[in-house]
Amino acid sequence: MKYFTLAVKTAQIYLNKELAYKTNFIIMMLGMVVNDLVGPMLALIIYGTTVGIPGWSFEQFLLFQGTLIFVDGVGRALTGEFFWKAFEAINRGEFDKYLLKP
């Protein structure tokens, strides 16, 4: 429970830091959305113009693509940059400065 609380606090600090510069945050979010849309669209174009994946139906391919996007999103959330920065700050003894920031 202690580590979960620490992870939540670190995530809050990271989001507050990112939201301080709203234009940068919006551009970052648009980039993520474009990345999540272009990847499947490109895969659909390739699947539609070729014979596809032998032994796979189109629905199976869509399920695979959706699962891939879901797992990538969960991976981004769990292994984001802010966790590594927090653990580095804890190891160096500098984490208290983040807790004292408004």
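**Reading helices, burial and contacts in a predicted model**

Guide: Thr10 has its place in helix α1. A helix here is a DSSP run of H or I of at least four residues, numbered from the N terminus. This is a predicted model, in which local features need pLDDT of at least 70 and side-chain atom pairs count only at pLDDT 80 or more, while totals for chains, interfaces and linings use all residues. Residues are numbered from 1 along each chain as its sequence is written, and side-chain values use heavy atoms, with hydrogens and water left out.

Visitor: Is Thr10 buried or exposed?

Guide: Buried means under 20% relative accessible area, exposed means over 50%, and partly exposed lies in between, with a 1.4 Å probe and protein chains only. Thr10 counts as buried because its relative accessibility is 6%.

Visitor: Which residues does Thr10 touch?

Guide: Contact means heavy atoms within 4.5 Å. Not counting residues up to four places away in sequence, Thr10 touches Phe82, Ala86 and Phe95.

Visitor: Which residues of α4 are buried?

Guide: They are Phe82, Phe83, Ala86 and Ala89. Seen down the axis of α4, these buried residues fall within an arc of 130°, so they line one face of the helix; the arc is that of the directions from the helix axis to the C-beta atoms. Their cover includes α1, α3 and α5 (96–100). The face turned away from the buried side of α4 carries the exposed residues Trp84, Asn91 and Arg92.

Visitor: Which residues of α2 are buried, and against what do they pack?

Guide: Phe25, Pro40, Ala43 and Tyr47 are the buried residues of α2, and they pack against α1 (2–19) and α3. Helix α2 has 28 residues and reaches 40 Å from its first C-alpha to its last, close to the 40 Å expected.

Visitor: What does α3 contribute at Gln65 and Ile69?

Guide: Gln65, in α3 (residues 58–78), is buried, with a relative accessible area of 13%. Leaving aside neighbours within four places in sequence, Gln65 is in contact with Gly39, Pro40 and Ala43. Ile69, also in α3, is partly exposed at 32% relative accessibility. Ile69 touches Asp36 and Pro40, by the same exclusion of residues up to four places away. The C-alpha atoms of Ile69 and Pro40 are 8.6 Å apart, although 29 residues separate them along the chain.

Visitor: Which residues form a nonpolar patch on the surface?

Guide: Patches are made of residues with over 30% relative accessible area and no salt bridge; like charges are joined within 9 Å, and nonpolar side chains (Val, Leu, Ile, Met, Phe, Trp, Tyr) within 5 Å. Val34, Val38, Leu42 and Ile46 form such a nonpolar patch, with about 360 Å² of accessible area together. Accessible areas come from the Shrake-Rupley method with a 1.4 Å probe; for residues, only the protein chains shown count as cover. Val34 lies in α2 (residues 22–49) and is partly exposed at 47% relative accessibility.

Technical notes: Salt bridge = Lys/Arg side-chain N within 4 Å of Asp/Glu carboxyl O. Helix = DSSP H or I, 4+ residues; strand = E, 2+ residues; numbered from the N terminus. Expected span 1.5 Å × (residues − 1).
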